[in-house]
Amino acid sequence: MNMATVRIAPSLLSADFGRLAEEVRKVEEAGADWLHVDVMDGHFVPNLTIGLPVVAALKKVARRPLDVHIMISNPLDYARRYVEAGAAGLTFHVEATSEPGKVIDAIVGAGGRPAMAINPDTPAKRVVPHLDRLAMVLVMSVFPGFGGQTFMPEVLAKFGELRAAGFRGDLEIDGGIGPETIAAAASAGANVFVAGSAIFGAKDVGARIAELRRLAQSSVGADAPAPARH
Ligand code: DX5
Ligand code: ZN
């Protein structure tokens with residue numbers, strides 16, 4: 001069961017894009033569990049970052065799984081290709097598609113772990129009909145588009161709602177996670193923690209990842225309800 005496994009996923013959005021392979025190696029050697037890759041299309045979110053060729057290039061140098069977060073409109077058009085390019089897990093936004101079931105089919109068909117993301121103003125119930133097919137749900141704790149934003153604690157109740165709905169997969173949180181916020185997220189039920197600026201901005205990246213892991217492990221699930229039995 002994934003529920004109590006703490007995973008730290010540095011967001012490469014805060015890496016030096018001119019030295020991506022070295023940045024990947026640095027965070028892997030510092031203890032990263034997954035590499036979080038933020039794909040933005042300048043349409044679903046007001047920023048444009050990286051796309052398929054960069055995911056494929058990262059796959060060649062990465063030793064850890066690529067946790068690819070696509071903040072794009074019409075994810076059905078691209079889901080299969082991101083998995084084929086190297087995404088181990090692919091997370092798409094429920095707000096971005098009218099056919100989430102088909103996006104899940106595309107991810108699973110290509111051999112990826114399917115995950116759905118919800119923005120801070122999207123209720124958890126939007127993903128509940130799909131929970132039995134998802135490996136992970138991503139609860140955004142900032143509005144997607146940029147690194148370095150302020151954590152929004154009001155989203156934390158969604159983790160309990162997802163567990164109460166019977167979800168037993170991974171629960172990821174993304175946005176404003178650092179030493180001041182990670183314990184609250186872990187207590188609420190998150191077990192996968194994305195952090196960009198808090199990791200790449202640290203003087204000692206290894207010490208920062210270890211600190212985040214320790215803080216998360218000491219709080220994980222403290223306030224979360226036990227999953228419902230079905
Ligand atoms: C925001 C991205 C995040 C971002 C997090 O749209 O999805 O993954 O990189 O950055 P920090 O940890 O700096 O808030
Ligand atoms: Zn992200």
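By class, 12 nonpolar, 11 polar and 2 charged residues line the largest pocket of this predicted model. Here Ala, Val, Leu, Ile, Met, Phe, Trp, Tyr, Cys and Pro count as nonpolar, Asp, Glu, Lys and Arg as charged, and the others, Gly among them, as polar. The space in the largest pocket comes to about 270 Å³. To find its centre, select Phe146, Gly147, Gly148, Gly175 and Gly176, the closest to it of the 25 lining residues. Next colour β2 (35-40), β8 (192-195) and α7 (197-200), the elements that give two or more residues to this lining.

Some terms are needed before moving on. On a 1 Å grid over the protein atoms alone, a pocket is an open set of points with protein on both sides within 12 Å along at least five of seven lines, a cavity is a set where a 1.4 Å probe fits but cannot get out, and lining residues have an atom within 4 Å of a point. Grid points are joined across faces, edges and corners, and a volume is the space filled by probe spheres set on the points. Helices (H or I, at least four residues) and strands (E, at least two) are DSSP runs, numbered from the N terminus.

As for the records behind the tour, residues are numbered from 1 along each chain as its sequence is written, and chains are lettered from A and ligands numbered from 1 in the order in which they are written. The model is predicted, so local features need pLDDT of at least 70 and side-chain atom pairs count only at pLDDT 80 or more, while totals for chains, interfaces and linings use all residues; side-chain values use heavy atoms, with hydrogens and water left out.

The largest cavity has a volume of about 50 Å³. Select Leu12, Leu13, Phe17, Leu20, Val37, Asp38, Ile50 and Leu58 to see its lining, which by class holds 7 nonpolar, no polar and 1 charged residues.

Move to helix α4 (residues 100-109) and select Pro100, Val103, Ile104, Ala106 and Ile107, its buried residues (buried means under 20% relative accessible area, exposed over 50%, partly exposed in between, with a 1.4 Å probe and protein chains only). They cover an arc of only 160 degrees around the axis, which puts them on the same side of α4; the arc is that of the directions from the helix axis to the C-beta atoms. These residues pack against α3 (79-85), β4 (87-93) and β5 (113-118). Just after α4, Gly111 has a positive phi of about 95 degrees.

Next, show the charged side chains. The structure holds 11 salt bridges, each a side-chain nitrogen of Lys or Arg within 4 Å of a carboxyl oxygen of Asp or Glu. Glu99 forms one with Lys102, the closest N and O atoms being 3.0 Å apart. Asp16, Arg19, Glu22, Glu23 and Lys26 are joined into one network by salt bridges that share partners. Within it, Arg19 meets Asp16 (3.5 Å, N to O) and Glu23 (3.7 Å, N to O). Is Glu23 buried or exposed? Glu23 is buried, at 4% relative accessibility.

Finally, select Ser141 in the loop between β6 (136-140) and α5 (157-164). Ser141 is buried, with 0% relative accessibility. Beyond its neighbours within four places in sequence, Ser141 contacts Thr150, Phe151, Met152, Val155, Ile173, Asp174 and Gly175, where contact means heavy atoms within 4.5 Å.
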